[in-house]
Amino acid sequence: MAEPTGRLHYIDWLRVSAFALLILYHCSVAFFPDLDWLMKSPQTSKLLSEIMMFPRAWRLALLFFISGMGTWFAFRRTTAPLFLKERFIRLFVPLIFAMCVIIVPQVWYERMAHDGYQGSLFTFWITRYFTEGVYPRGNFTWAHMWFVAYLLVMTIICVPIFLFLQSERGKGVMAWFESTAKSFAIYVFFVLPLVLNVALSPFFPHETNKLYDDGAWFAVWASWFGLGFLIARHHATLIGTIANRRWVSFALMLVLTFVMYRYAWWGEPVIGSYENQTILYKTLLFALAWTTILTLIGFGALYLNRQSRALSWLNSRIFPLYIVHQTIILGALYHLLPLQAGVWTTYGLVILFTAIGSLLFAVLAGQLPARGRMLVGLFTRPEQKVPSATSTP
């Protein structure tokens, strides 16, 4: 395993894989019989929905955890003001550009599919998108870019905490965290997001992705983000233990997965469901997310910590891939669903078109001048060496 002063390639592998899984998941949501998404297929698959229940349980937790790890590697190299400036530019600029340009076709496709709108994309953009209020009643939205908005806000909020942990007064807290994380008590760290979510749910009962009324779930994502930051900060002393216990983590993950499928996701839910999230359900869900993260980190650090040209390219382009993928998915669904080719054929074609379109967008984005690349989250050319151990988001 690499020392923390070198590049931790396994984190790059996990980051690229996590975003790839997210894109694959988004390609499937239109075919779930139990979920109303931006565009709904008349042909659905219960099997596909049940398969995706497993990654659905931990994919976002993993993304925020990996982003937290990347934040530590960026934070340690600079001062707090420079860090905040860099994070603001890296996250806020692409967020605003996506909201004003890239996301517009998503809403346009949705309005044509659901409301019968017949105007051109350009007409919709200049006459309706900015003038009719905020989605869903209006059109202006950050859609899937909520992840970037949340990441920006929690980064700003967490900087004072990071500074405290770096100070003399924070040494005791860090010593306690490190000693606890080396023990089997690491497996109960999921209690942090669980307690925060349960405590805040009476005030913020629904998961909305709107930030201002999503306090219970923002606390969950911020907890995973913070745990990623702390594990990365103590990477040199913790990763060996996490890797050594990878089979324990894997076994716990399997048991929890079986319990969730048997008593929550198949048949009549006994312990709750995504729609009816009891405390027991959340406990098992968060425990599954945490043991999955520990499993992936443990195996990844041992077997994936190697360099790859393909990995370097994908890691450098994953942000523009993420920015554009949902727009392409909605476009593919709009044109493919009327063909009624069957769930699995249509799903496969949506994945194919999304992969090709997103990769093409990422390639073209790399050819833009510097200011143009900033709009889609590219701050270095692919041939430039990235100095940090990993990157965010």
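Keep in mind that the model is predicted.

Let's start with the general idea. Rolling a probe the size of a water molecule over the atoms shows where empty space is left.

First, the largest pocket. Its volume is about 1600 Å³. Which elements give two or more residues to the lining? They are helix 1 (9-28), helix 2 (46-75), helix 4 (104-115), helix 6 (146-166), helix 9 (215-233), helix 12 (279-303) and helix 13 (309-336). Helix 2 gives the most, with six residues. Now the classes. The pocket lining has 32 nonpolar residues, ten polar and eight charged.

Next, cavities. How many of 30 Å³ or more does a search of the whole structure find? One. The volume of the largest cavity is about 50 Å³. Its lining includes Ala 181, Ile 186, Tyr 187 and Thr 241. Ile 242, Arg 245, Ser 249 and Leu 294 line the cavity too. By class, that lining has five nonpolar residues, two polar and one charged.

Last, a single residue. Ala 222 lies in helix 9. Is Ala 222 buried or exposed? Its relative accessible area is 18%. Buried means under 20%, so Ala 222 counts as buried. Now look along the chain. Leu 151 is 71 residues apart from Ala 222, yet their C-alpha atoms are separated by 8.1 Å.

Definitions and conventions:
Residues numbered from 1 in each chain as written. Predicted model: local features only at pLDDT ≥ 70, side-chain atom pairs only at ≥ 80, totals over all residues. Heavy atoms only, no water. 1 Å grid on protein atoms, 1.4 Å probe; cavity = no way out; pocket = protein on both sides within 12 Å on 5 of 7 lines; lining within 4 Å. Points joined across faces, edges and corners; volume = space filled by probe spheres on them. Helix = DSSP H or I, 4+ residues; strand = E, 2+ residues; numbered from the N terminus. Nonpolar A, V, L, I, M, F, W, Y, C, P; charged D, E, K, R; others polar. Buried < 20%, exposed > 50% of the residue type's maximum accessible area, 1.4 Å probe, protein only.
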